[in-house]
Amino acid sequence: MTDLSTTVNGIKFKNPFLLASGPPGTNAKVIQRTFDLGWGGMVCKTISLDNSKVINTIPRYGKLPADEGGKRFIGFQNIELISDRPFDVWLDDLAACKASHPDHVLIASIMEEYNKDAWVEITERVAATGVDGFELNLSCPHGMPERTMGAAMGQNPEMVRDVVGWVRGATSLPVWAKMTPNITDIRVPSRAAVDAGAHGVSAINTILGVVGINLDTLRPMPTVEGYSEPGGYSGRAVRPIALRQVMEVARACPEATVSGMGGVETGDDAAMFLLVGASTVQVCTAAMLQGYEMIDDLLSGLSKFMEKHDFKSVSEIVGKSLPFFTTHADLVDRQRKARREHAEQSSRDENWKGDIAGETDALVTD
Ligand SMILES: Cc1cc2nc3c(=O)[nH]c(=O)nc-3n(C[C@H](O)[C@H](O)[C@H](O)COP(=O)(O)O)c2cc1C
């Protein structure tokens, strides 16, 4: 068996696969089950001190079918908020998960308003449950921007710097800042987070989108009482965008680790995220659609990839493809040079053929 264990920011993972913050980590029971199934870690559904303002709608999901038949889906959209479960219940759940599965990695996803006391309080109280680290949700794309939560905060590098600084001051545990792709340059807030002391950056959260319009009712989807709002788009369709953003963050923040996600469905997908600089890989939508048992295929897929290339450890893969990203001008230069070398080689070959022909003629004449 290939050894898939890896240590990131001092945390030992049995394998690099984590379930991402979202429905998979919604309470202790589900989290414990996913640990039993073999996931290397879990980022719990985002929690906050005051759940009373978190009010979800039904429906809140929409799917983008791959074709007319609609059996396979390439994209998924949600207008789900952070957890609506009470904070005290969450503290008990997190402590229970660590008590029953001490060797499994539990990362707490937390989110608050732009208020130092609130961030310090949530960090200290959650750290006391025994979790292994924090992921700061600075990236939820919809809901509560009026409270400057989520992406509204993550799009503002000054706020990112402050929040990461407050959390770092309140805990010695590893801190990952989860970034929004809904920004011109993801490197700017990522750098701000790392400069403020974040050990890692998680990317990407969902991409703002409109999954579709119902062509019978002419109403946008998912439709709530006839209306909708732009939501967070995820799943296979976002993978190229996620790979690009993870690559950008990895290059801009070489001293930090990256936890990559966005459309991971197979071990090969995960390998791509590792190759562009992620040290761990998170999965949300695919696990929701395929079931948490998909971990078996992720593990065997990544093992096969490692055997094929003779990688002995996950950390050996991390960032292996990064040196091969360059600029367009450099690509043009490289191609020009390659063509020139090819032309020179061809002309050398022609001359050589001519020489050989000449020598052969001479031999025949002799
Ligand atoms: C239904 C749903 C709920 C989500 N809730 C959260 C959340 O509470 N906190 C968070 O940081 N990300 C949340 N996410 C985003 C995912 O963690 C992940 O960043 C994103 O979906 C991209 O990964 P994927 O394509 O594997 O789903 C949610 C995603 C979905 C689909």
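Author: Strands count as paired when DSSP finds at least two bridges between them. Helices (H or I, at least four residues) and strands (E, at least two) are themselves DSSP runs, numbered from the N terminus. Before the case itself, note that this is a predicted model, in which local features need pLDDT of at least 70 and side-chain atom pairs count only at pLDDT 80 or more, while totals for chains, interfaces and linings use all residues. Residues are numbered from 1 along each chain, as its sequence is written.

Reader: How many bridges join strand E9 to E10?

Author: Three bridges join strand E9 (residues 175-178) to E10, and the two run parallel. Within this pair, Lys178 stands opposite Ser202 in E10.

Reader: What covers the faces of strand E10?

Author: The general idea is that side chains in a regular strand alternate between the two faces of the sheet. A residue is called buried if 20 or more other C-beta atoms lie within 10 Å of its own, exposed if 12 or fewer, and partly exposed in between, with C-beta atoms placed from the backbone. In strand E10 (residues 200-203), Gly200 and Ser202 are on one side, Val201 and Ala203 are on the other, and all are buried, so that both faces are covered. Over the protein chain, 45% of the 366 residues count as buried.

Reader: Which residues have the most contacts inside the largest nonpolar core?

Author: In soluble globular proteins, nonpolar side chains tend to be buried together. A nonpolar core is a set of buried Ala, Val, Leu, Ile, Met, Phe, Trp, Tyr and Cys residues joined through C-beta atoms within 7 Å. The largest one here has 95 residues, and those with the most contacts inside it are Val164, Ala177, Ala198, Val201, Val246, Phe273 and Leu274. Val201 also belongs to strand E10, as one of its buried residues.

Reader: What is Leu274 in contact with?

Author: Two residues are in contact if their C-beta atoms, placed from the backbone, lie within 7 Å. Leaving aside neighbours within four places in sequence, Leu274 is in contact with Val281, Val314, Ile317 and Val318. For the protein chain, take the contacts between residues at least 6 apart in sequence: 71% of them join residues at least 24 apart.

Reader: Where is Thr57, and why does Thr57 count as partly exposed?

Author: Thr57 is in the loop between strand E4 (41-43) and strand E5 (61-65). Thr57 counts as partly exposed because it has 16 C-beta neighbours inside 10 Å. Not counting residues up to four places away in sequence, Thr57 touches Ile79 and Val224.

Reader: And where is Met144?

Author: Met144 is in the loop between strand E8 (133-137) and helix H4 (151-154). Met144 has 18 C-beta neighbours inside 10 Å and therefore counts as partly exposed. Beyond residues up to four places away in sequence, Met144 touches Leu81, Met149 and Gly150.

Reader: Which residues have a positive phi although they are not glycine?

Author: Leu218 has a positive phi of about 65°, and Glu225 has one of about 55°. Leu218 is exposed because it has 7 other C-beta atoms within 10 Å. For Glu225, 7 other C-beta atoms lie within 10 Å, so Glu225 is exposed.

Reader: How many residues surround the ligand?

Author: A residue is near a molecule if its C-beta atom, placed from the backbone, lies within 6 Å of it. Here 28 residues surround the ligand, and the closest are Ala20, Gly22, Ser234, Cys284 and Thr285. The elements that give two or more residues to this shell are strand E6 (73-78), strand E12 (231-234) and helix H9 (285-290). Ala, Val, Leu, Ile, Met, Phe, Trp, Tyr, Cys and Pro count as nonpolar, Asp, Glu, Lys and Arg as charged, and the others, Gly among them, as polar. By class, the shell has 11 nonpolar, 14 polar and three charged residues.

Reader: What does the domain assignment give?

Author: Domain bounds come from an automatic or database domain assignment. For this protein chain it gives domain 1 (6-322) and domain 2 (326-366). Their C-alpha centres lie 53 Å apart. The C-alpha trace spans about 100 × 55 × 40 Å along its principal axes, and the chain has 12 helices and 14 strands.
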